[in-house]
Amino acid sequence: MADRFNGFSPLAPAFFERLAVNNNKAWFEDHRDEYQELLLEPLKLLVSELADTMLALDPELITIPAVDKTISRIYRDTRFSRNKSPYKTCLWITFKRYSPDWKTAPCFFFEITADSYRYGMGFYSATRQTMDNLRRLIETKPEPFRATVAWLAQQDAFELEGDCYKRPLNPTLPDDLQRWHCRKNIYLVCNREVDGRLFSQDIRDDLAAGFRQLHPLYELFWQMVQQG
């Protein structure tokens, strides 16, 4: 393994394309070394080099550069899926706290696929109670909330995403608050097509800067979770 993260190889996205066409154990075992060289080892290095940044944001975050700690498995769980393809055609890293159910807590993430990558922060699946807490904050303290999210209007990287209810839960709210209030789930994400930044240290620097930018909202989301 190299000593430093120097970006992903330009061959890395193509590995996912080839895997999608040959999604079976025999092919993967024949190409396991490529998976480790092109994806797993760079992801480990990326996690290691982001560790100090992440721990400065939250000392409770897991920063161990290993599968099932910060790095996703390549193997799919097919037990309850109609799709029986054994391997994922994307990989991701998550920086999260130890939690009985991390899916309901905010985390930072980065994901790479054959033709795109994305990174951001939010919930995999926020609880209804967490979202109700956020809605209550928006309704009772609209100006402090606006101050917390004001920076989003000054940038063009991160977008607010997450499924919305079909009808407003509080029709009296103005549009700027409504777009937060209506969410069933919530996360901030930067979506990019594969570009040269992915193949250099620039992607590490982008993640570090982006996660720092998202930190105030990360803290706000944790407050909503801890209100119970």
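In which handedness of crossing, left-handed or right-handed, does α3 pass α7? The crossing of α3 past α7 is right-handed, a term that applies if the near helix is turned clockwise from the far one by less than a right angle, anticlockwise being left-handed. This is a predicted model, in which local features need pLDDT of at least 70 and side-chain atom pairs count only at pLDDT 80 or more, while totals for chains, interfaces and linings use all residues. Residues are numbered from 1 along each chain as its sequence is written, and side-chain values use heavy atoms, without hydrogens and water.

Helix α3 spans residues 32–57 and helix α7 residues 202–226; their axes come within 10 Å and cross at roughly 20 degrees. Axes are lines fitted to C-alpha atoms over the stretch in contact, with angles from 0 to 180 degrees between N-to-C directions; helices are DSSP runs (H or I, at least four residues) numbered from the N terminus. The two helices are therefore roughly parallel, the class for angles under 35 degrees. Their contact (heavy atoms within 4.5 Å) includes Leu46, Leu50 and Met54 of α3 together with Leu207, Phe211 and His215 of α7.

Helix α1 (residues 12–21) also meets α3: the axes come within 9 Å and cross at roughly 140 degrees. These helices are therefore oblique to each other, and α1 passes α3 in a left-handed crossing. Ala12, Phe15, Phe16 and Arg18 in α1 face Glu34, Tyr35, Leu38 and Leu39 in α3 as contact partners.

Terms used. Parallel < 35°, antiparallel > 145°, perpendicular 65-115°, else oblique.
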